[in-house]
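Hi,

Here is the structure I promised to pass on. My notes follow below it.

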Amino acid sequence: MKRTRRRFRAPGFLTWKLALLEEKDRYEDLVRSQPSGIYRLRVRPVRSVTGREWEDVHQSHYRIEFVSDRFCEILGLTRKAIKEDPRTVLDRIHPEDREGFSERNAEALMRVVPFRWEGRLAGEEGSRWVRFESSPRGLEDGGTLWTGVLLDITEERRSAETLSQNYAILTGILESAEGSIFSLDTSYRYTTFNRAHAAAMRALYGAEIVLGTCLLDHQTVPGDRLMVEQA
């Protein structure tokens with residue numbers, strides 16, 4: 001009768017394997033819960049590259065090792081497409097912003113410094129604003145390992161544009177008024193004033209006012225200072 005060997009694993013090995021699986025689950029859950037996309041790529045050693053040459057280097061020397069679901073979602077690409085051809089990511093950059101993207105990448109690669117870039121992605125539903133941020137780690141073979149994040153900042157950009165437009169409208173209203181308009185904080189420092197008020201302060205007190213300066217410091221007539229303080 002042929003005997004078969006039974007393999008027994010030590011309890012310590014099973015405990016270690018279980019702990020490793022739990023750690024992997026925690027890591028994957030952490031990555032999935034991030035609002036930003038996460039990626040890691042490996043770059044083979046490169047002697048020298050300019051912004052125009054970087055796109056060719058990107059195709060031949062870059063290898064994407066990991067991308068999160070959120071990374072794929074922001075770019076509108078599948079994980080398979082990204083890993084099979086890194087150029088698919090580059091092709092999503094808006095044509096008007098692509099040169100700057102390549103130049104910034106070439107600079108970060110040559111100097112081995114953190115990469116940070118904001119720009120637009122081109123899409124059928126219009127452009128979206130994103131921010132890439134990654135940090136390099138030098139490897140023994142002369143290459144670099146880059147770990148970074150990709151954030152969708154479209155709403156942030158739209159809010160900034162709306163704020164800028166509103167500010168322009170308010171500035172236009174202030175400057176179109178014939179009378180003197182200004183505002184102060186609790187310490188009587190200027191927060192806003194129009195050209196008419198600046199002209200009045202120059203005519204009355206010879207003062208050239210700027211935002212942040214105190215109205216009381218410009219007034220040389222004690223009665224005028226007292227009137228402002230009692231207002």
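**The cavity and its surroundings**

The largest cavity holds about 270 Å³ of space. Here a cavity is a set of points on a 1 Å grid over the protein atoms alone where a 1.4 Å probe fits but cannot get out, with lining residues having an atom within 4 Å of a point; points are joined across faces, edges and corners, and the volume is the space filled by probe spheres set on them. Of its 18 lining residues, Tyr-39, Leu-41, His-58, Tyr-62 and Asn-105 are the closest to the centre. The elements giving two or more residues to this lining are strands E1 (37-43), E2 (62-67) and E4 (128-138), along with helices H2, H5 (87-90) and H6 (98-111).

Please keep in mind that this is a predicted model, where local features need pLDDT of at least 70, side-chain atom pairs count only at pLDDT 80 or more, and totals for chains, interfaces and linings use all residues. Residues are numbered from 1 along each chain as its sequence is written, and side-chain values use heavy atoms, leaving out hydrogens and water.

Helix H2 (residues 51-61) also contains Glu-55, which is buried at a relative accessible area of 18% (buried means under 20%, with a 1.4 Å probe and protein chains only). Leaving aside neighbours within four places in sequence, Glu-55 is in contact (heavy atoms within 4.5 Å) with Arg-87, Leu-90, Arg-98 and Ser-102.

Across the whole protein, 32% of the 231 residues count as buried.

Best wishes

Notes: Buried means under 20% relative accessible area, exposed over 50%, partly exposed in between (1.4 Å probe, protein chains only). Helices (H or I, at least four residues) and strands (E, at least two) are DSSP runs, numbered from the N terminus. On a 1 Å grid over the protein atoms alone, a cavity is a set of points where a 1.4 Å probe fits but cannot get out, and a pocket is an open set with protein on both sides within 12 Å along at least five of seven lines; lining residues have an atom within 4 Å of a point.
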